[in-house]
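Could you open the structure in your viewer and keep the selection panel at hand? We will go from one stop to the next.

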Amino acid sequence: KNFKIDPVVGWLTAITGQEKGRDYRIHSDNNFIGRDSGMDICIDYDETISREKHAIISFDTRSLSFFLSPSEGRSIIRINDMPIYQTTKLNDFDRIELGETLLIFRSLCGENFSWEG
């Protein structure tokens, strides 16, 4: 990659709770989600989210697709109210439930745009 920065490829935005409206940038490859400040996506206000590696959101630069994977979190992760137990493909406007936080997913990269091209 010819980037000095790791460009954003999509976003998660909290749509409920005390941080409603807060957005989280998604970058290429794996983005670890947890409460710890060392996580790629730090949701520090929700005690029901594990400190480290609660879940992983990934952008595959070859297929230009996004995926959500449960990781070491205790609580069940849901996409559009459906529990997921394995890596699941994400689509624009999917609603992701992590602990007590509800997020909406938006992509930047995909079939209409890519940093590579």
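What follows is a short tour of a predicted model, with something to select at each stop.

**Stop one: the sheet**

Start with a cartoon view and pick out β4, β3, β5, β6 and β9. These five strands form an open sheet, in the order β4-β3-β5-β6-β9, and their pairing is mixed. To find the edges, select residues 41-42 for β4 and 88-90 for β9; each of these strands pairs on one side only.

Now zoom in on β6, residues 65-70. How many bridges join β6 to β9? There are three, and the two strands run antiparallel.

**Stop two: the nonpolar core**

Switch to side chains and select Leu12, Ile33, Ile43, Ile57, Leu68, Ile96 and Leu98. Within the largest nonpolar core, which has 24 residues, these are the ones with the most contacts. Which strands supply at least two residues each? They are β1 (8-14), β2 (23-27), β5 (55-60), β6, β7 (77-79), β10 (95-98) and β11 (101-107).

Stay with Ile33 and display its surroundings. Leaving aside residues up to four places away in sequence, Ile33 touches several residues, including Leu12, Ile43, Ile57, Leu68 and Leu98. Its contacts also include Glu52, Lys53 and His54.

Lys53 is worth a click of its own: its charged end sits over the ring of Phe32, 5.4 Å from the ring centre.

**Stop three: the aromatic rings**

Next, show the aromatic side chains. The count comes to three aromatic pairs. Select Phe59 and Phe66: this pair is tilted, with 4.6 Å from centre to centre and 45 degrees between the planes.

Colour by accessibility here and compare with the previous pair: Phe113 is partly exposed at 32% relative accessibility, and Trp115 is partly exposed at 35%.

Methods:
Residues are numbered from 1 along each chain as its sequence is written. This is a predicted model: local features need pLDDT of at least 70, side-chain atom pairs count only at pLDDT 80 or more; totals for chains, interfaces and linings use all residues. Side-chain values use heavy atoms; hydrogens and water are left out. Two strands pair if DSSP finds at least two bridges between them. Helices (H or I, at least four residues) and strands (E, at least two) are DSSP runs, numbered from the N terminus. A nonpolar core is a set of buried Ala, Val, Leu, Ile, Met, Phe, Trp, Tyr and Cys residues joined through side-chain atoms within 4.5 Å. Buried means under 20% relative accessible area, exposed over 50%, partly exposed in between (1.4 Å probe, protein chains only). Contact means heavy atoms within 4.5 Å. Rings of Phe, Tyr and Trp (its six-membered ring) pair if their centres lie within 6.5 Å; planes under 30 degrees apart count as stacked, over 60 as edge-to-face and the rest as tilted. A charge sits over a ring if NZ of Lys or CZ of Arg is within 6 Å of the ring centre and within 35 degrees of the ring normal.
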